[in-house]
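Here's a quick briefing to read alongside the model. Have the viewer open and follow along topic by topic.

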Amino acid sequence: MDCSSLPAEIWELIKQSQQAKKHSHCPQSKFRVGASLLTKDGKVFNGCNIENVSFSLTVCAERCAIFKAISEGYKEFKAIAVASDQKDKFISPCGACRQVMHEFGGKDMEVYLTKPDLTWKRTSNEELLPFAFDDIRISVE
């Protein structure tokens, strides 16, 4: 896909996701990931994967960007772009990220999966996680 079919703000988001992966801390996997999140009012938050020697404490780029935005008071998101160094296929968020993206971005948030050459594929949270764990209210009797 070329950039001419995208709004300028989305094309910029894709480019920023490629830049965000440069800040990745991934000494164990050597697998750099960057993410750029667009709020509904046009602000962009970038994130990268941050590994820990205790691997379960690792934070993915998508959640890093979302948590940064939430910590700054933003909770309404339009789109997210995800980037890695994979040249042969598009990067795709892990299950934990898909759930967080669904919870904070809703089922219709646009998700752009990218490659280093800036080719992209658009999908949505609902397509990535069709049976998302939705908000459940527990009643105590």
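**Two helices side by side**

In this predicted model, the axes of α2 and α3 come within 9 Å and cross at roughly 30°. That makes α2 roughly parallel to α3, because angles under 35 degrees get that label, with over 145 being roughly antiparallel, 65 to 115 roughly perpendicular and the rest oblique. Axes here are lines fitted to C-alpha atoms, for helices over the stretch in contact, with angles running from 0 to 180 degrees between N-to-C directions. Local features need pLDDT of at least 70 and side-chain atom pairs count only at pLDDT 80 or more, while totals for chains, interfaces and linings use all residues. Numbering starts from 1 along each chain as its sequence is written, and side-chain values use heavy atoms, with hydrogens and water left out.

**The α2–α3 contact**

- On the α2 side, E62, R63, I66, F67 and I70 make the contact, and they meet A96, C97, V100, M101 and F104 of α3 (contact means heavy atoms within 4.5 Å).
- Helices are DSSP runs of H or I with at least four residues, strands are runs of E with at least two, and both are numbered from the N terminus.

**α2 and the cores**

- The largest nonpolar core has 19 residues, and L37, I66, F77, I80, M101, M109 and V111 have the most contacts inside it.
- Such a core is a set of buried Ala, Val, Leu, Ile, Met, Phe, Trp, Tyr and Cys residues joined through side-chain atoms within 4.5 Å.
- β1 (33–39), α2, β3, α3 (95–105) and β4 (110–114) each supply at least two residues of this core, and α2 gives the most, with four.
- A second, separate core of 10 residues includes L6, W11, A79 and W120.
- I66 is in contact with L37, F77, V100, M101 and F104, leaving aside neighbours within four places in sequence.
- The buried residues of α2 pack against β1, β2 (44–48), β3 and α3.
- After α2 comes G73, with a positive phi near 95°.

- E76 sits in the loop between α2 (61–71) and β3 (77–84).
- With a relative accessible area of 55%, E76 is exposed (over 50%; buried is under 20%, partly exposed in between, using a 1.4 Å probe and protein chains only).
- Beyond its neighbours within four places in sequence, E76 is in contact with T39 and K40.
- S124, in strand β5 (residues 120–124), counts as buried at 14% relative accessibility.
- Not counting residues up to four places away in sequence, S124 touches K107, M109 and V111.
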